[in-house]
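Here are a few exercises to work through with the model open in your viewer. Try each task before you read its solution.

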Protein chains: 2
Amino acid sequence: MGKPGVKESRSAPGRRTVIASLHDELRTRFGDRYSTAAAVRDHHGKDDSHHPVIPPDGVVFAESTGEVAFVVRVCARHGVPVIPFGAGTSIEGHVQAVRGGISIDMSGMNRVVAVRPDDLDATVEAGVTRLQLDRELRGTGLFFPVDPGADATLGGMAATGASGTTTVRYGTMRDNVISLTAVLASGEVVRTGGRARKSSAGYDLTNLLVGSEGTLGVITELTVRLHPVPEAMAAAVCSFPGLDEAVRTVVEAIHMGVPLARAELLDATAMHAVNFYSGFDYPEAPTVFFEFHGSEADVEAQGTMMQEISRELGGTAFQYARQQNERARLWKARHDAYPALLGLRPGCHGLTTDVCVPVSRLARCIAESEEDLKTASMPWGVVGHVGDGNFHAVFIIDPDSEAELAEAEAINERIVRRAVAMEGTCTGEHGIGLGKIGFLESEFGASGVAAMRAVKAALDPRGIMNPGKVVA
Amino acid sequence: MGKPGVKESRSAPGRRTVIASLHDELRTRFGDRYSTAAAVRDHHGKDDSHHPVIPPDGVVFAESTGEVAFVVRVCARHGVPVIPFGAGTSIEGHVQAVRGGISIDMSGMNRVVAVRPDDLDATVEAGVTRLQLDRELRGTGLFFPVDPGADATLGGMAATGASGTTTVRYGTMRDNVISLTAVLASGEVVRTGGRARKSSAGYDLTNLLVGSEGTLGVITELTVRLHPVPEAMAAAVCSFPGLDEAVRTVVEAIHMGVPLARAELLDATAMHAVNFYSGFDYPEAPTVFFEFHGSEADVEAQGTMMQEISRELGGTAFQYARQQNERARLWKARHDAYPALLGLRPGCHGLTTDVCVPVSRLARCIAESEEDLKTASMPWGVVGHVGDGNFHAVFIIDPDSEAELAEAEAINERIVRRAVAMEGTCTGEHGIGLGKIGFLESEFGASGVAAMRAVKAALDPRGIMNPGKVVA
């Protein structure tokens with residue numbers, strides 16, 4: 001786990017000549033938009049994870065699908081890797097250039113190509129970020145729901161198969177990408193579909209590329225679903241005697257058809273951290289943050305129902321908020337959770353687990369995992385997207401301590417094995433990257449991984465697309 | 001279009017010996033559950049489409065994943081095709097044995113393995129039918145929403161990427177299959193995931209198999225999402241001066257966030273047919289059938305809102321029904337549409353188009369298609385899943401007339417070309433089978449079809465999995 005892949009090709013005979021010729025070709029084509037400066041390369045050789053910097057040989061700042069195709073064709077001809085780079089907010093080591101090669105920075109491909117209110121869809125270039133799209137949609141009465149926290153690019157979110165706090169109601173990237181334009185390993189451009197809401201035509205290339213982390217193609221454009229901004233929104237917070245009660249409350253609500261828009265769990269440590277960080281005085285107990293979307297009457301009814309269900313399961317200190325500023329205040333604790341946890345140990349950084357299990361097993365999975373977590377020598381806290389069965393244990397580790405990294409990774413491994421044994425997954429929303437490659441076979445068996453490898457070999461026979469990730 | 005694929009391998013030298021040896025092996029293993037009787041082979045060489053019977057060499061009635069794996073291994077060793085068969089209700093020529101081979105009848109794999117109310121999921125064998133699952137779920141407070149009309153098997157519905165009347169609210173098979181067990185061309189069994197509600201682990205084998213029509217593997221078991229039965233349901237019917245107003249009413253409702261559970265369009269001909277067939281006296285004008293799900297207050301509010309929107313767009317004769325028997329009466333016309341259309345010309349059968357376009361283009365697509373349809377020498381009618389942008393023109397053709405078939409296919413081709421030009425798809429829910437192969441490239445381009453072929457070659461290098469379908 002977490003050890004960068006092979007690098008032998010970097011020192012292979014003739015490699016220097018190949019790279020020099022590649023530099024010439026890319027500099028000629030892109031001028032200033034091709035960089036080999038160390039700082040630029042380092043920036044593109046690292047994401048938001050604990051995985052160390054592994055810089056690419058150069059970085060192209062692309063501005064069109066045609067330019068991406070050009071880079072891929074040149075790299076294919078030289079047999080050199082291509083690594084797409086969005087906002088660099090992934091957290092499993094997705095962008096590290098473990099076999100060198102060219103990073104394609106997509107941030108210049110940030111045009112919103114079209115917003116179509118009548119079709120509830122938008123087409124954007126891959127470098128458009130989530131918050132940028134939010135801004136562009138203001139006044140349309142529509143919004144894009146997938147919220148992974150970071151201001152990631154839409155292309156990166158699709159490539160990672162990201163999701164977030166609203167998934168319980170609006171789904172993941174997979175549910176919200178209608179079709180894609182991508183550059184394949186051959187340099188050919190493929191459009192994976194039109195804009196119809198559904199299709200049963202041919203193999204699902206869209207979903208093959210979503211979650212493929214740049215290993216099957218570079219996503220350059222996406223058509224995504226938009227949703228009507230609800231007439232009304234409300235928020236609520238409730239404390240519970242234990243994790244079990246907190247989780248059961250959410251499961252019960254879903255089962256009763258309450259269309260929760262968000263249901264976020266923070267454990268006692270995370271609540272302690274946010275109290276300390278933001279000066280709140282929430283009970284330091286397992287807490288669920290709710291959000292309700294609908295008509296005025298709907299959100300009122302959902303809030304009442306949620307309060308009743310919570311009370312029956314031992315929930316206390318139920319707070320409900322309708323106005324925008326009250327809602328924002330209530331949710332601030334949730335939004336601050338990650339920096340607040342990091343604040344428990346200044347100068348350190350986070351290592352985050354990401355398992356997802358069937359919801360009926362979530363409480364047990366968290367409870368058993370806490371037994372592992374309690375053995376840790378560093379601080380940790382738990383946050384979870386309860387409605388999806390997904391939770392994150394965040395370890396606050398000393399970046400210079402190999403021992404702490406090893407310790408956190410060992411606990412992560414136990415958490416993953418437990419989740420997979422419960423018919424869950426090693427990663428609900430962060431992807432495989434470098435960090436989770438070792439778990440793939442435990443989840444899909446040898447035959448499943450072999451099928452993935454066969455697909456990879458078919459679409460990228462020379463292995464130049466973000467090599468060393470997903471399937472090593 | 002519609003011409004069965006190549007059959008040369010049927011008379012290749014040595015083939016008779018191969019088939020004889022295969023017969024022996026399968027008879028030894030399966031006894032009575034292996035049949036080479038002409039009637040059985042004919043039944044398995046035809047679906048509900050106009051495509052002619054092309055019988056397999058034999059039919060295995062499988063009862064377990066292990067048995068399916070055995071058949072695939074034997075066939076792989078002999079280089080003989082394998083064709084999964086569910087209920088035979090597909091309508092694009094999905095099961096015809098264009099290169100001979102063994103049909104695997106899945107109807108004996110009809111166990112509901114588990115229903116898990118806490119997780120809102122169920123695991124079923126591939127031969128479980130939609131109505132069987134409905135029955136098994138009675139009393140659980142849960143239901144499985146995908147309703148393609150026919151009592152198809154869940155495995156067949158997944159393999160086809162089916163959907164139907166409730167898709168506007170609950171999604172397609174793609175949205176409702178959590179994971180699959182399948183037998184690949186090697187005879188290996190793969191499980192494409194656990195039961196977590198979401199995962200970003202590895203390539204999406206689930207969605208690769210959904211819609212692959214048996215060409216990448218035989219689906220033997222599925223874990224599907226269940227949904228809480230709504231507290232209340234209501235129905236409504238409304239007539240419109242034209243298709244444009246009917247479609248715009250639905251689009252407007254979706255845009256305003258009305259969570260329609262069903263919104264089904266019938267054109268004037270279809271309404272004439274159901275009046276004639278079932279003795280109704282509905283206005284013979286474009287008509288939309290609605291269904292609302294939610295709390296008592298929700299469905300009331302949705303009905304009121306729908307009536308207002310309809311009225312603004314010229315809708316008349318709005319009828320609303322809350323009680324189960326009234327709802328059933330109201331919806332009977334919609335349910336009778338297909339037999340009613342066939343009833344316009346006794347002894348004939350249907351050929352059904354299936355394009356799907358962005359909803360903003362649906363009215364124009366239908367209107368322009370009607371100009372083509374009006375040239376037809378046989379009766380036809382239009383029904384549509386308006387909220388999805390999907391409509392079907394049903395031609396009532398004489399089964400013995402090659403000229404009528406050719407005429408209907410020519411019009412279908414014009415409808416498909418128009419839909420694809422509108423960023424739509426040649427098939428919203430019926431799949432490619434034999435009937436739509438010729439359109440795949442117009443929709444995905446040469447690079448898209450090449451990528452699909454590469455995936456097919458990677459997972460089925462000998463081309464034994466339902467050959468001649470999807471990618472020829």
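**Exercise 1.** In this predicted model, find the strands that helix α15 of chain A lies across, and give its angle to β18(A).

*Solution.* Start by selecting residues 402-421 of chain A, which make up α15. This helix lies across β16 and β18 of chain A. Now compare directions: α15(A) runs at about 165 degrees to β18(A).

**Exercise 2.** Work out the strand order of the sheet in chain A, and name its edge strands.

*Solution.* Trace the pairing from one side to the other: the seven strands come in the order β15-β12-β14-β13-β17-β18-β16. The sheet is open and its pairing is antiparallel. Next, look for strands that pair on one side only: these are β15 (316-321) and β16 (349-352) of chain A.

**Exercise 3.** Decide how helices α1 and α3 of chain A are oriented to each other, and describe their contact.

*Solution.* Take the axes of α1 (residues 15-30) and α3 (residues 65-78) of chain A: they come within 10 Å and cross at roughly 160 degrees. Angles over 145 degrees count as roughly antiparallel, so α1(A) and α3(A) are roughly antiparallel to each other. Their crossing is right-handed. The contact includes A:Leu22 and A:Phe30 of α1(A), and A:Phe70 and A:Val74 of α3(A). Sorted by class, it has eight nonpolar, two polar and four charged residues.

Notes: Residues numbered from 1 in each chain as written. Chains lettered and ligands numbered in written order. Predicted model: local features only at pLDDT ≥ 70, side-chain atom pairs only at ≥ 80, totals over all residues. Heavy atoms only, no water. Pairing = 2+ DSSP bridges. Helix = DSSP H or I, 4+ residues; strand = E, 2+ residues; numbered from the N terminus. Contact = heavy atoms within 4.5 Å. Axes fitted to C-alpha atoms, helices over the stretch in contact; angles between N-to-C directions. Parallel < 35°, antiparallel > 145°, perpendicular 65-115°, else oblique. Left-handed = near helix turned anticlockwise from the far one by under 90°. Nonpolar A, V, L, I, M, F, W, Y, C, P; charged D, E, K, R; others polar.
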